[in-house]
Amino acid sequence: MDAILKDLTDAQASAVTHIDGPLLILAGPGSGKTRVVTHRIANLLKHGVQPWQIAALTFTNKAADEMRSRVQKLAPQQDVWMGTFHRFCAQRLRRYAPMVGLSENYSIYDTSDSKQAMKRAIAAAGISTSHASPEQIASTISSAKNRLVTPEMMEGQALRHGDAIAAKVYPVYQKQLLTANAVDFDDLLLHIAILLRENPEVRAELDAKLKYIMVDEYQDTNLAQYAIVRALSIDHPNLSVTGDPDQSIYGWRGADLNNILDFEKDYPDVTTVRLEQNYRSTPNILRVADQLIRHNRRRKQKGLFTDNEEGEQVVLRFFEDGYKEADSIASEIANAMATEGMRPRDFAIFVRMNALTRSLEHALRNSAIPYQIVNGLAFYQRKEIKDLLAYLNLINNPSHDVALQRVINTPTRGIGATTITRLRDYADSNGIPLLEAARRADEIDTLAKRAKAMIWKFVQIYDRLVKKSTAPLEDLLRFLIEETHYEDYLEKTAVEQQDSNPMANVDELVTAAVEFDRQHPDDGSLEAFLEQVALVSDMDAFEDSTDRVTLMTLHAAKGLEFPRVYVIGVEDDLLPHARSKETEAQFEEERRLLFVGITRAMQWLQLSCCKRRTVRGDMRPVIPSPFLNELPMDELRRVESAVERDFFDEEDDLDQSYPDSWDLPDVTDDSPANDSANDSNTSDDSIASDDSDFVHDPGPSIDDEVCQLPDDDL
Ligand code: ATP
Ligand code: MG
């Protein structure tokens, strides 16, 4: 049998061999949905479909890379487009930029850039932040964008007070972005969706080119993403989507479960394939997962069975505090490596928010266990890296106002805050970018003579840098470091900040540039490099390492699998998160998040919970997650410890026994969920003070800003 159809069940094979017409693959975790997508791509190629006629859309770069490597094995040398929605849109937007008022070298503002821009827009709109916080305004605008609501549309709507304020800021913010020749992450989707909606020729052209579109994890698409794939599948409705409503974890960012539930309505002649066999996990793990998810009322029960061996019982374990939890996990991993021949890559530890990884890192380091944190953003959030990237951004796009504000006085050149404010006022009142205002500094009466001289000096440095902009990236970066005396500056400030080794980070960025030059000998442009960097998310590993323990958020774990999984901090206010408990829809989404975590495990799983946890240096008492009460206690191996009784006043709470989970009567109702749609979350921390210690950045494909509690100091 050919490799494409080998090792597929009949149901999987029927999906893989489906060629034309809409296809919906609806199935639970570990049933081979992603496997079907990769095999189907190989099968299409085998049947003469050209690689450039196919696009496979994923939610993370990591998922796309994984998919690419699987397809490469089945169909070597075929260059099929695979990537995230945001990357897909970013690349299309390069081509159609002028149609939405941008130039091709437009910049992508990352979360902290957008935050800066938002603050400026709020000030320019004359809004006082005493009634609505910048975070709330940003969140309302983001959610409007995800629903394809433009500033004009929002203005016309009857609005609640908070929304009315956001409606005033929205057009100002958009105008400033256009002036800066920039987009935020939401705009990538918004611009393309509106372009497709309003330009029938563009839509038809792209629809004809991309005849076969596939979307994995379709349950997490928002309206903008839905509109994009829908618009590209009208003349050639060969859209294939895979998903599992029980794994929908982005409601708070506008994901709409109805997109998957209504697929059959959108495409009446759809072929629907259901996969019922799980190949990933032991029956033990699946029973625990199933029992948990049955507590969601808004869902449809699915049958899922496995022929895998029974395996070990799922462990539920209680610890005194986060340090003991981390130490225990590290020593167990070390032990399994020493005595059972396990490799570091066999283990993953999932957390609800990035800050929880710190105690784990410490413990793993102490046990000399190699690990990686899947938070690709961490590197790009370092001050020195942000400084250099800001220079590169400004070289690429002279209108990049946020970059200019960052670098005009970095390294220090005696240009103070007042000077910058005056420049900005001048730029705002003339509708020009800041760099342009800087060039006209002589005309600005409010500026002191000395300030004008300093600004002029900066403009001259900038002009020298721009002359190098077409050089290989490595040369440009080295030239930039030299011209700005950046090393001297770092040496001075690093001493003040007692920073570990910022120069090593700079070297790492140079290495990344060398690598980029090597990979793009012909088409490597500064713009492409910046795009790649801007679209890195906290779902990506900075370096893809082969043999390390993986530490990641539950959101980032979606779609992946590991032989042994630890989910730590299954505690109230963490999971469910304190800010996601208000509505039943939010609560159910948190339950799905735990469900996603549990179903990543292949052979072995431990859920743990502490008695106390340190948050911002404060040791606080902890209540176990209410989800623990929902697990089938007779299926779990509970590791007893002295502290346990303190947790539960009534031991019975935890000891509820359930009948055999697979035979439970259906406790769900069949009404599809729809109220989690557009349930954007207003996170207090989503707009923190600028870059200084902005640990979390939502990024284009995932963000757990909703799960960012105050940064803790474990
Ligand atoms: P999720 O919902 O978590 O994304 P999924 O449905 O996409 O899961 P896959 O990741 O495609 O599931 O598959 C789960 C695991 O099962 C993978 O290791 C895959 O290789 C394996 N698998 C799937 N189908 C088969 C099969 N027919 N024979 C052997 N292994 C299989
Ligand atoms: Mg999958």
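Residues are numbered from 1 along each chain as its sequence is written, and chains are lettered from A and ligands numbered from 1 in the order in which they are written. Because the model is predicted, local features need pLDDT of at least 70 and side-chain atom pairs count only at pLDDT 80 or more, while totals for chains, interfaces and linings use all residues.

The protein chain has 30 helices and 16 strands; helices (H or I, at least four residues) and strands (E, at least two) are DSSP runs, numbered from the N terminus. Of its 714 residues, 50% are buried. A residue is buried if 20 or more other C-beta atoms lie within 10 Å of its own, exposed if 12 or fewer, and partly exposed in between, with C-beta atoms placed from the backbone. Two residues are in contact if their C-beta atoms, placed in that way, lie within 7 Å. Among contacts between residues at least 6 apart in sequence, 80% join residues at least 24 apart.

In strand E1 (residues 23-27), 5 of 5 residues are buried. Leu 23, Ile 25 and Ala 27 point one way from E1, and Leu 24 and Leu 26 point the other way. E1 runs parallel to strand E8 (residues 271-275), to which 5 bridges join it, and Ile 25 stands opposite Val 273 in E8. E1 also runs parallel to strand E7 (residues 238-243), through 4 bridges; here Leu 24 has Val 241 as its bridge partner. Two strands pair if DSSP finds at least two bridges between them.

A nonpolar core is a set of buried Ala, Val, Leu, Ile, Met, Phe, Trp, Tyr and Cys residues joined through C-beta atoms within 7 Å. The largest has 124 residues, and Ala 56, Val 169 and Ile 213 have the most contacts inside it. A second, separate core of 64 residues includes Leu 364, Ala 556, Ala 601 and Leu 605.

Leu 364 is also one of the buried residues of helix H16 (residues 357-366), together with Thr 357, Ser 359, Leu 360 and Ala 363. These buried residues fall within an arc of 160 degrees seen down the axis, so they line one face of H16; the arc is that of the directions from the helix axis to the C-beta atoms. Their cover includes helix H15 (322-340) and strands E10 (347-351), E11 (371-373) and E12 (549-553). Ala 368, which follows H16, has a positive phi near 55 degrees.

Ligand 1 is surrounded by 19 residues, the closest being Gly 32, Lys 33, Thr 34, Arg 35 and Tyr 279; a residue is near a molecule if its C-beta atom, placed from the backbone, lies within 6 Å of it. Helix H2 (residues 33-46) gives the most to this shell, with 3 residues.

Most residues other than glycine have a negative phi, and most peptide bonds are trans. The peptide bond from Thr 410 to Pro 411 is cis, with omega near -15 degrees, and Pro 411 lies in the loop between helix H19 (401-407) and helix H20 (417-430). The bond from Leu 575 to Pro 576 is cis as well, with omega near 5 degrees. Leu 148 has a positive phi near 60 degrees and is partly exposed, with 18 other C-beta atoms within 10 Å.
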